Amino acid sequence: MRYAQGGGLSDRERAARERIRLEAGARFEAGQANARIAADLRVSVRSVERWRKAWRERSEAGLASKGSPGRPRLSDEQIARLERELARGPLAHGWPDQRWTLARVKTMIGRLFHVTYTVEGTWKLMRRHGCSWQQPARRATERDDEAVEVWKGDLAGGKRMAAVSGSWILFEDESGQSMRPPRAKTWAPCGVTPVVKVRGGGSGRIHVAGVVCYKPGRRSRFFHHIRTHRGRKNEPKSLTWQDYRDLICRAHQQLGGPIILVWDNLATHLVRPLREFIEKADWLTVVQLPSYAPDLNPQEGIWSLLKRDLGNLAAQTFDELLRAVKRKLKSIQYRPGIIDGCLAGTGLTLEPP
């Protein structure tokens, strides 16, 4: 059985390389040295020597592109089949984890079409057909996608009600931060792992409840409520139902209109005193998020921005950490474009169907 060697260049890559060779030809005429040409064009000296030899023999014709080295290794039908198989995931093809590496894609091409690709050729094939090396988002196995779609339909009813009554749509969520900051990437010399010094001892944790507020034609808003835990006696270790009640009331007072509140099934959200408060508030309507669906809550985007700003924070005291959290949250309040971007990241819209 005959095997074809994969690889090849796209038309764009081939045109870019031809432009570099023609630029080298112009520098040959100017009498520049090979080392200088290689440094300016960011190519190897050996390539420049080979181009100069072709230029001496055939002038610019020796530097022109010779066209594609061969036909495409895979047909359009084979590419479509490969995309379908890749969409099934590595687990469906016998690998123990869920990573599509170039070596695995190369093996998959050999299994399906009996065509041998190099790793470099596989990279070019994936890039040419719209794929890139990405860090996947995590999603819980327990998530029910059908329930999520049903919930989106229920939210559409809430959006219709908001359009009729002039209500604000609020998304609530909570987060926390201890003295150990989240790890963030940093530049360092190759082979030298950077070391970030953080507090190894001490107590203290910051709990934050936040709501992002949306209404068509109005500036998006963001409110938050902070509770600190310093390890003192009889001090609440987390947010209480009174904290959520006060946050909702403050948002209602600032917004000056009825509210449709969207939040998850946290146990504190379901306690009897808070449920009684919600039943008595005629200006408040609550919509429950489906289980294991944080990607539908734009408030998660606010926490992501906060964690990113706190990455590798060298806070020496709890008060210093608290000031950093308050400063970042306050800066987000004055940037409605960021709040709108968090909603766009969920794929939800404010307009009723």
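Local features were taken only where pLDDT is at least 70 and side-chain atom pairs only at pLDDT 80 or more, whereas totals for chains, interfaces and linings use all residues of the predicted model. Residues are numbered from 1 along each chain as its sequence is written, and side-chain values use heavy atoms, with hydrogens and water left out.

Helices (H or I, at least four residues) and strands (E, at least two) are DSSP runs numbered from the N terminus. An open sheet is formed by 5 strands in the order 3-2-1-4-5, with mixed pairing; two strands pair if DSSP finds at least two bridges between them. Strand 3 (221-229) and strand 5 (284-288) each have a single partner strand, so one side of each of these edge strands is left without a neighbour in the sheet. From one strand to the next, the twist averages 25°, where axes are lines fitted to C-alpha atoms, for helices over the stretch in contact, and angles run from 0 to 180 degrees between N-to-C directions.

Strand 1 (residues 168-178) and strand 2 (residues 205-214) run antiparallel and are joined by 10 bridges. Ile169 has Tyr214 of strand 2 as its bridge partner. Helix 8 (residues 241-255) packs on the sheet and touches strand 1, strand 2, strand 3, strand 4 (259-263) and strand 5, contact meaning heavy atoms within 4.5 Å. The direction of helix 8 makes about 155° with that of strand 3. Helix 12 (residues 336-346) also packs on the sheet, touching strand 1, strand 2 and strand 3, and its direction makes about 85° with that of strand 2.

The structure holds 3 cavities of 30 Å³ or more. A cavity is a set of points, on a 1 Å grid over the protein atoms alone, where a 1.4 Å probe fits but cannot get out; lining residues have an atom within 4 Å of a point. Grid points are joined across faces, edges and corners, and a volume is the space filled by probe spheres set on the points.

The largest cavity holds about 60 Å³ of space. Its lining consists of Ile79, Leu82, Glu83, Leu86, Leu125, Met126, His129 and Cys131. Helix 4 (76-88) and helix 6 (119-128) are the elements that give two or more residues to this lining, and helix 4 supplies the largest share, 4 residues.

The second largest cavity has a volume of about 40 Å³. Strand 1, strand 2 and helix 10 (299-309) each supply at least two residues of its lining, which includes Trp303 and Lys307.

Definitions and conventions:
On a 1 Å grid over the protein atoms alone, a cavity is a set of points where a 1.4 Å probe fits but cannot get out, and a pocket is an open set with protein on both sides within 12 Å along at least five of seven lines; lining residues have an atom within 4 Å of a point.
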